[in-house]
Amino acid sequence: MAKQQLLMLGIRASFHTLSAVLVAGVIFTAVFLPRNVLPKEHPQSDSVPNVEDSRDCNLFEGKWVFDNESSPIYKEEECKFMSDQLACEKFERKDSSYKFWRWQPHTCNLPRFNATKLLEGLRNKRMVYVGDSLNRGQWVSMVCMASSVITNPKLMHMHNNGSNLITFKSLEYNATIDFYWAPLLVESNSDDPTNHRLPERIVRIQSIERHARHWTESDIIVLNSYLWWRMPHIKTLWGSFEKLDGIYKEVEMVRVYEMALQTLSQWLEVHVKSNRTKLFFMSMSPTHERAEEWGGKTNQNCYGETSLIDKEGYSGRGSDPKMMRVVENVLDGLKRRGLNMHFINITQLSEYRKDGHPSIYKKQWEHLKEDQVSDPSSHSDCIHWCLPGVPDVWNHLLYAYIVDNHHST
């Protein structure tokens with residue numbers, strides 16, 4: 001019996017010794033193992049839940065994080081569908097940091113963008129962006145992101161016959177990603193995709209069928225309309241452009257904007273099948289045309305800017321909160337009537353990115369005058385965005401809704 005007790009004591013002692021060694025090993029590994037030998041697959045903090053675990057997380061509140069490992073998703077020169085209006089590196093922009101920022105929500109992580117998963121989700125489906133040149137830039141971004149995994153150029157093509165509609169198609173997945181030019185959504189005298197710079201803007205406020213019949217039957221519709229409304233009053237037409245008996249009236253802009261969105265919502269309510277089509281509305285894309293707003297020099301703009309605005313909650317005069325409220329109210333009314341349109345709020349996160357615009361680094365459609373050459377800021381584009389860049393993040397947010405089934409609170 002005494003021998004058995006001694007044996008048991010010896011086993012217990014060995015067990016405690018082994019346990020102590022294991023615990024010490026774990027502590028040593030956690031404290032002393034160099035960071036550069038840890039796996040790099042998850043740059044986001046593990047303390048923040050993934051979006052799959054937190055469907056109601058607000059993706060639009062967060063911060064920009066510099067990340068030159070997983071960003072950008074594609075290279076400008078490798079995207080055969082890149083636009084010369086957005087290809088800043090091609091037009092001699094030397095700094096490149098604008099390409100390496102990703103958006104990090106405060107309370108969750110965005111799902112990793114997977115172009116193959118996106119195309120699989122779009123198999124035999126049609127996604128269409130409807131709106132102005134900012135939405136077209138976002139469409140170019142999405143096409144570049146999606147096509148980055150298509151290695152055979154014969155399995156994708158672009159079709160543009162000069163109409164309002166441009167089509168990208170992945171033949172392997174039978175997936176279509178379109179852009180439709182309708183800068184004010186309703187019918188207007190600016191609807192020509194090429195010749196739309198007119199001295200006077202006129203909207204036919206109750207007419208949308210001419211546009212909407214081209215995209216109503218889509219599986220995913222991404223709409224935007226903001227840039228072309230930026231004026232105090234807009235000439236509004238009740239009637240037809242073809243007939244002379246129409247009624248024209250100058251109406252305060254926000255009111256006309258609301259009427260246009262009501263026309264849109266009424267059309268969607270009647271013509272869209274909620275069990276088939278996912279609807280999204282992109283909030284306004286901010287401009288950075290007044291450097292004094294973020295502490296820069298008076299009479300300057302985004303030209304030469306290479307850093308972000310670090311003041312949390314910053315908002316410039318290039319955004320109009322009244323228009324944001326109009327969109328939210330119209331979408332709330334549509335939801336109460338049984339049709340849900342997701343509001344993708346890209347405004348605040350884009351406000352910080354004064355560094356992300358083309359400025360002078362784009363194709364100039366008109367010959368520059370001598371005074372413009374001597375003063376580059378005078379012809380800087382502080383409205384649109386370089387690619388790769390900010391619109392990729394807008395599409396990453398869309399991806400969370402389309403592929404990973406995120407939903408708004």
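Strands S3 and S9 pair in the parallel sense over four bridges; two strands count as paired if DSSP finds at least two bridges between them. Within this pairing, Val130 has Leu223 of S9 as its bridge partner. The structure is a predicted model, in which local features need pLDDT of at least 70, side-chain atom pairs count only at pLDDT 80 or more, and totals for chains, interfaces and linings use all residues. Residues are numbered from 1 along each chain as its sequence is written, and side-chain values use heavy atoms, with hydrogens and water left out.

The chain holds nine helices and 13 strands. These elements are DSSP runs numbered from the N terminus (helices: H or I, at least four residues; strands: E, at least two). Of the 409 residues, 49% are buried. Buried means under 20% relative accessible area, exposed over 50%, and partly exposed in between (1.4 Å probe, protein chains only). Contacts are heavy atoms within 4.5 Å. Among contacts with a separation of 6 or more, 76% link residues 24 or more positions apart. The chain exposes about 21,400 Å², and carbon and sulfur atoms supply 52% of this area. Accessible areas come from the Shrake-Rupley method with a 1.4 Å probe; for residues, only the protein chains shown count as cover.

Seven strands form an open sheet of mixed pairing, in the order S4-S5-S6-S3-S9-S12-S13. Its edge strands are S4 (156-160) and S13, each of which pairs on one side only. The twist averages 15 degrees from one strand to the next. Axes here are lines fitted to C-alpha atoms, for helices over the stretch in contact, and angles run from 0 to 180 degrees between N-to-C directions.

Strand S6 (residues 175-181) is largely enclosed by the rest of the structure, because seven of its seven residues are buried. Both faces are covered. Ala175, Ile177, Phe179 and Trp181 lie on one side, with Thr176, Asp178 and Tyr180 on the other. Strand S3 (residues 126-131) runs parallel to S6 and is joined to it by six bridges. Arg126 stands opposite Thr176, Val130 opposite Tyr180, and Gly131 has Trp181 as its bridge partner. S3 is mostly covered too, with six of its six residues buried. Arg126, Val128 and Val130 point one way from S3, while Met127, Tyr129 and Gly131 point the other way. Strand S5 (residues 165-170) pairs with S6 in the antiparallel sense, over six bridges. In that pairing Lys169 stands opposite Thr176. The hairpin of S5 and S6 has four residues between the strands, and Asn174 takes a positive phi near 50 degrees there.

On the H3 side, the contact involves Leu134, Gly137, Gln138, Ser141, Met142 and Met145. Pro391, Asp392, Trp394, Asn395 and Leu398 meet them from H9. The contact residues divide into six nonpolar, four polar and one charged. Here Ala, Val, Leu, Ile, Met, Phe, Trp, Tyr, Cys and Pro count as nonpolar, Asp, Glu, Lys and Arg as charged, and the others, Gly among them, as polar.

Ile346 sits in the loop between S13 (341-344) and helix H7 (347-351). Ile346 counts as buried, at 1% relative accessibility. Leaving aside residues up to four places away in sequence, Ile346 touches Met282, Ser283, Met284, Ser285, Trp394 and Leu397. The C-alpha atoms of Ile346 and Val393 are separated by 8.8 Å, although these residues are 47 apart along the chain.

Strand S10 (residues 233-238) pairs with S11 in the antiparallel sense over six bridges, and Thr236 stands opposite Lys249.
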